[in-house]
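Here is a short briefing for a first look at this structure.

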Amino acid sequence: MKTEAIKELLYKMADDLLIIGHRNSEWTGLGPILEEDIAFSSMAQDKIGQSQALFQLLHELGEQEPDTVAFMRNANQFHNAQFLELPNGDYDFSLMRHFLYDVADQLRFEMLANSSYEPLAKVARKVKGELKYHVFHANTWITKLGAATEESHVRMQTALNDSWNYALGLFEEGPFEKQLAEEGIFEGEAALQKRWLETITPVLDKATLTIPAASTWEPKLGGRNCFHTEHLQPLVEEMSEVFRVDPSAEW
């Protein structure tokens with residue numbers, strides 16, 4: 001049972017990173033300025049590398065090879081939050097998703113750095129350092145654009161409103177929450193969400209952006225249980241196209 005609990009945690013984290021990594025990579029060559037083109041491409045590469053490290057932990061627990069797990073599943077076998085599979089849209093939406101997800105991701109890895117499951121704690125201690133840059137980048141641009149011009153403010157507020165309920169889906173609880181906490185593996189999604197709200201609120205305040213009223217919160221759930229939007233399967237097919245041609249090929 002403990003192994004299954006760890007696998008569930010690893011799968012949702014690895015799938016989150018793999019999917020957002022590929023979405024971010026779609027900005028390569030299309031960024032609004034050269035600096036952002038490079039930044040999103042670099043962060044995408046980091047995230048896919050981080051997902052590989054987690055898929056390797058899954059392999060050590062008896063799952064298939066990392067490349068096979070990453071590229072030979074269909075959408076209904078992925079555990080990522082629905083938020084991360086949505087199309088990039090305009091830069092304002094991608095930037096807001098980057099901010100909301102990366103803060104949560106950094107906090108998750110900070111919590112896991114003290115996990116009783118040492119293989120995961122070791123990965124977390126390495127990854128959380130990489131994520132400092134990602135969060136710094138997100139905070140900088142959210143603050144700049146939120147408080148810049150009337151147009152940029154409206155666009156960023158709209159992006160926040162459109163993203164919010166999907167972002168809450170990042171903290172969808174799994175079937176092993178109690179066991180993970182009792183074993184000292186992971187404190188839990190509720191604790192993570194609380195820290196996330198405490199962390200993003202001052203940044204959004206500085207950006208003159210307002211979190212939607214609590215009465216409107218309706219988390220978009222289901223991703224952790226492999227229920228996804230129509231956008232995931234085409235993305236999975238695209239990112240696995242080359243590998244599926246010949247899974248045994250060596251590059």
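Axes are lines fitted to C-alpha atoms, for helices over the stretch in contact, and angles run from 0 to 180 degrees between N-to-C directions. Helices are DSSP runs (H or I, at least four residues), numbered from the N terminus. This is a predicted model: local features need pLDDT of at least 70, side-chain atom pairs count only at pLDDT 80 or more, and totals for chains, interfaces and linings use all residues. Residues are numbered from 1 along each chain as its sequence is written, and side-chain values use heavy atoms, with hydrogens and water left out.

**Helix α4 against helix α8**

- Two packed helices are described by the angle between their axes and the distance between the axes.
- The axes of α4 and α8 cross at roughly 130 degrees and come within 9 Å.
- That angle makes α4 oblique to α8 (under 35 degrees counts as roughly parallel, over 145 as roughly antiparallel, 65 to 115 as roughly perpendicular, and the rest as oblique).
- On the α4 side, the contact is made by F99, L100, V103, A104, L107, R108 and M111 (contact means heavy atoms within 4.5 Å).
- On the α8 side, E189, A191, L192, R195, W196, T199, I200, V203 and L204 take part.
- The residues of this contact of α4 with α8 divide into twelve nonpolar, one polar and three charged (Ala, Val, Leu, Ile, Met, Phe, Trp, Tyr, Cys and Pro count as nonpolar, Asp, Glu, Lys and Arg as charged, and the others, Gly among them, as polar).

**Helix α6 against helix α8**

- Helix α6 spans residues 150-168 and helix α8 spans residues 189-206.
- Their axes lie 13 Å apart, at an angle of about 165 degrees.
- That makes α6 roughly antiparallel to α8.
- α6 passes α8 in a right-handed crossing.
- L160, W164, A167 and L168 of α6 meet Q193, W196, L197, I200 and L204 of α8.
- The residues of the contact of α6 with α8 divide into eight nonpolar, one polar and no charged.

- Helix α4 covers residues 91-112, and its 22 residues should span 32 Å at 1.5 Å a residue (the expected span is 1.5 Å times one less than the number of residues).
- The end C-alpha atoms of α4 are 31 Å apart, which agrees.
- α4 is mostly covered, with 21 of its 22 residues buried (buried means under 20% relative accessible area, exposed over 50%, partly exposed in between, with a 1.4 Å probe and protein chains only).

**A buried lysine and an exposed glutamate**

- K47 sits in helix α2, residues 34-60.
- K47 counts as buried, at 0% relative accessibility.
- Leaving aside neighbours within four places in sequence, the contacts of K47 include Y101, D102, D105 and H134.
- E150 belongs to helix α6 and counts as exposed, at 68% relative accessibility.
- E150 and R125 are 25 residues apart along the chain, and their C-alpha atoms are separated by 40 Å.

- Most residues other than glycine have a negative phi.
- T208 is not a glycine, yet has a positive phi of about 60 degrees.
- T208 lies in the loop between α8 and α9 (232-239) and is partly exposed, with a relative accessible area of 43%.
- C226 is not a glycine either, and has a positive phi of about 70 degrees.
- C226 is found in the loop between α8 and α9 and is buried, with a relative accessible area of 17%.

Methods
Helix = DSSP H or I, 4+ residues; strand = E, 2+ residues; numbered from the N terminus. Left-handed = near helix turned anticlockwise from the far one by under 90°.
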